[in-house]
Amino acid sequence: MADAYVIRRLQPHDWQAYRAIRLRALEDAPDAFCATLAEAQAWDSGEWAARLERAAVSGIDCPLAAEQDGALAGLLWAKVDADDPHCVNLFQVWVAPEDRGRGVASALLDEALAWARARGARAVQLGVNRANTNVVRLYERAGFEAIGAPRPMRMGSPNLEQQMRLLLAAGE
């Protein structure tokens with residue numbers, strides 16, 4: 001089913017599509033992210049463009065999108081950890097409601113894991129809202145395990161974020 005979707009890296013010229021899907025994600029699932037819709041709406045166009053420009057040259061960022069018929073249906077941002085070059089963090093994972101259940105999240109995750117392996121990463125980690133059981137199961141099926149105690153998603157939030165990690169086999 002995900003075959004109809006193309007998973008690709010976002011490029012600097014994609015900033016408007018990136019902005020649109022990120023704002024849609026924050027509006028649709030405000031409890032899934034540490035950032036808020038209001039914070040993201042406050043960024044000017046230059047900030048959105050600069051994020052993808054930095055990613056294109058950083059060598060440590062991999063912003064991915066699932067695209068179908070020219071429209072973005074999902075998002076995932078992979079980034080090498082600032083303190084551990086052998087660890088990749090996943091952020092901003094979201095799939096449009098009309099595209100859920102079609103393998104889009106799995107396809108995005110597979111592409112991010114392939115990127116991490118190609119970089120020689122030994123681990124991939126992320127934080128997930130524990131209340132989002134479908135997403136937690138997606139990560140568990142991929143081999144991620146919970147690490148540490150859950151913590152509030154952000155100041156004042158009743159939602160708990162669970163850190164999860166996938167250890168990658170040496171030589172993958």
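How much space lies in the largest pocket? The largest pocket holds about 1100 Å³ of space. A pocket is defined on a 1 Å grid over the protein atoms alone, as an open set of points where a 1.4 Å probe fits, with protein on both sides within 12 Å along at least five of seven lines. Grid points are joined across faces, edges and corners, and the volume is the space filled by probe spheres set on the points. The structure is a predicted model, in which local features need pLDDT of at least 70 and side-chain atom pairs count only at pLDDT 80 or more, while totals for chains, interfaces and linings use all residues. Residues are numbered from 1 along each chain as its sequence is written, and side-chain values use heavy atoms, with hydrogens and water left out.

The largest pocket is lined by 46 residues, of which Phe 33, Phe 91, Gln 92, Val 93 and Trp 94 are the closest to its centre; a lining residue has an atom within 4 Å of a point. Two or more lining residues are given by each of H1, helix H3 (45-58), E3, E4, H4, E5, H5 and E7. Helices (H or I, at least four residues) and strands (E, at least two) are DSSP runs, numbered from the N terminus. Strand E4 gives the largest share of the lining, seven residues. Gln 92 lies in this strand, E4, and counts as buried at 14% relative accessibility. Here buried means under 20% relative accessible area, exposed over 50%, and partly exposed in between, with a 1.4 Å probe and protein chains only. Although Gln 92 is not a glycine, it has a positive phi of about 55°.

A positive phi is also found at Asp 69, about 50°, although this residue is not a glycine. Asp 69 is placed in the loop between E2 and E3 and is exposed, with a relative accessible area of 77%.

In soluble globular proteins, nonpolar side chains tend to be buried together. The largest nonpolar core of the model contains 29 residues, and the members that touch the most others are Ala 78, Val 88, Leu 90, Val 124, Tyr 139 and Phe 144. Such a core is a set of buried Ala, Val, Leu, Ile, Met, Phe, Trp, Tyr and Cys residues joined through side-chain atoms within 4.5 Å. Two or more of its residues come from each of strand E2 (61-68), strand E3 (71-80), strand E4 (87-95), helix H4 (104-118), strand E5 (123-129), helix H5 (133-141) and strand E7 (160-167). Helix H4 contributes the largest share, seven residues. Another core, of 18 residues, lies apart from it and includes Ile 21, Trp 48, Ala 55 and Trp 94.

Contacts (heavy atoms within 4.5 Å) were examined with neighbours within four places in sequence left aside. Leu 90 is in contact with Leu 76, Trp 77, Ala 78, Leu 109, Ala 112, Val 124, Gln 125, Leu 126 and Phe 144. Val 124, in strand E5, is buried with a relative accessible area of 0%. The contacts of Val 124 include Val 88, Leu 90, Leu 113, Ala 116 and Phe 144, together with Met 164, Arg 165, Leu 166 and Leu 168. Ala 116, found in helix H4, is likewise buried at 0%, and touches Val 88, Ala 121, Val 124 and Leu 168.

Leu 167 belongs to strand E7 but is exposed, with a relative accessible area of 65%. Leu 167 is in contact with Arg 122 and Ala 123. The C-alpha atoms of Leu 167 and Ala 123 are separated by 4.4 Å, with the two residues 44 residues apart along the chain.

Four aromatic pairs are found in a search of the whole structure. Rings of Phe, Tyr and Trp (its six-membered ring) pair if their centres lie within 6.5 Å, and planes under 30 degrees apart count as stacked, over 60 as edge-to-face and the rest as tilted. Tyr 18 and Trp 77 form a tilted pair, at 5.6 Å centre to centre and with 50° between the planes. This pair links distant parts of the chain, since Tyr 18 is in helix H1 (residues 15-28) and Trp 77 in strand E3, 59 residues apart. Tyr 18 and Trp 77 are both buried. One aromatic cluster is formed by Tyr 18, Trp 43, Trp 48 and Trp 77. The charged end of Arg 51 sits over the ring of Trp 43, 3.8 Å from its centre; the criterion is NZ of Lys or CZ of Arg within 6 Å of the ring centre and within 35 degrees of the ring normal.
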